[in-house]
Amino acid sequence: QLQLVESGGGLVQPGGSLRLSCAASGFTLDDYAIGWFRQAPGKEREGVSCITSISSRYTGTYYVDSVKGRFTISRDNAKSTVYLQMNSLEPKDTAVYYCAAIRSVQPMCIIQRGAYDHWGQGTQVAVSS
């Protein structure tokens, strides 16, 4: 059974950092691009970042403007895990963060919610003083 499990969320003060993990079980990430999404209370789920699959032969990444320069997405192929390093966190980053997978070998990833087939259960990130 294909599963994604997020971890690493928590409460952090403004300016702090967190590293989220998205671990795959039941499959390897070789052919899957991974996206990170977030949903704040009362708001739509929005795309944050994505990374291309290993099979794309090109490590492409994308970031939404609001997190550029603060967030970094990366992958550990041996662990079938994708990370989202979040620095300089702001209260507006407070949300439930989800990772999602789409089978793709394209050299670019997309951050459209409807394109992703498999989702994790989410991990809560709260930024507050």
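1. Ser 80 first: this residue sits in the loop between S7 and S8. The model is a predicted one, and here Ser 80 takes a positive phi of about 50° despite not being a glycine. What about its cover? Ser 80 has 14% relative accessibility, so it counts as buried.

2. There's another serine to look at alongside it. Ser 88 belongs to the loop between S8 and S9, and its phi is positive as well, about 50°, again without being a glycine. Is Ser 88 buried or partly exposed? With a relative accessibility of 39%, Ser 88 counts as partly exposed, because the buried class stops under 20% and the exposed one starts over 50%.

3. Stepping back to the fold: the protein chain has eleven strands and zero helices. If you walk along the sequence, the pattern reads β-β-β-β-β-β-β-β-β-β-β. The radius of gyration is 14 Å, close to the 14 Å from the globule rule for 129 residues, so the chain is as compact as a globular protein of that length. Along the principal axes, the C-alpha trace spans about 40 × 30 × 25 Å.

4. On contacts and surface, take the pairs in contact that are at least 6 apart in sequence: 61% of these contacts join residues at least 24 apart. Of the 129 residues, 47% count as buried. The chain exposes about 6,600 Å², with carbon and sulfur atoms supplying 47% of that area. As for charge, I see 12 positive and 10 negative side chains, and the centres of the two sets lie 2 Å apart.

5. Now the interior. Nonpolar side chains in soluble globular proteins tend to be buried together. In this model the largest nonpolar core has 28 residues, and those with the most contacts inside it include Ile 34, Trp 36, Phe 71 and Val 82, along with Leu 84, Met 86 and Tyr 97. Which strands each supply at least two residues of this core? They are S3 (18–25), S4 (32–39), S5 (46–51), S7 (71–76), S8 (81–86), S9 (95–103) and S11 (123–127). There is also a second, separate core of nine residues, with Cys 50, Ala 100, Ile 111 and Tyr 116 among them.

6. Tyr 97 deserves a look of its own. Which residues does Tyr 97 touch, leaving out those up to four places away in sequence? The list includes Trp 36, Phe 71, Leu 84 and Met 86, which are also named among the residues with the most contacts inside the largest core. Tyr 97 touches Glu 6 and Arg 38 too, as well as Gly 122, Thr 123 and Val 125.

7. Ser 21 is a polar residue worth checking in the viewer. Its place is in strand S3, and at 15% relative accessibility Ser 21 counts as buried. Setting aside neighbours within four places in sequence, Ser 21 is in contact with Val 5, Glu 6 and Ser 7, with Trp 36, and with Thr 81, Val 82 and Tyr 83.

8. Last, Arg 75, in strand S7. Is this arginine buried or exposed? Arg 75 counts as buried, at 18% relative accessibility; the cut-off for buried is under 20%. Beyond four places in sequence, Arg 75 touches Leu 29 and Tyr 32, the run Ile 51, Thr 52, Ser 53 and Ile 54, and also Thr 81 and Val 82. Pro 14 is 61 residues apart from Arg 75 along the chain, and their C-alpha atoms are separated by 26 Å.

Key. Residues numbered from 1 in each chain as written. Predicted model: local features only at pLDDT ≥ 70, side-chain atom pairs only at ≥ 80, totals over all residues. Heavy atoms only, no water. Helix = DSSP H or I, 4+ residues; strand = E, 2+ residues; numbered from the N terminus. Rg over C-alpha atoms; globule rule 2.2 N^0.38 Å. Buried < 20%, exposed > 50% of the residue type's maximum accessible area, 1.4 Å probe, protein only. Contact = heavy atoms within 4.5 Å. Areas by Shrake-Rupley, 256 points an atom, 1.4 Å probe, with all protein chains shown as cover. Lys, Arg positive; Asp, Glu negative; His and termini not counted. Charge placed at Lys NZ, Arg CZ, Asp CG, Glu CD. Core = buried A, V, L, I, M, F, W, Y, C linked by side-chain atoms within 4.5 Å.
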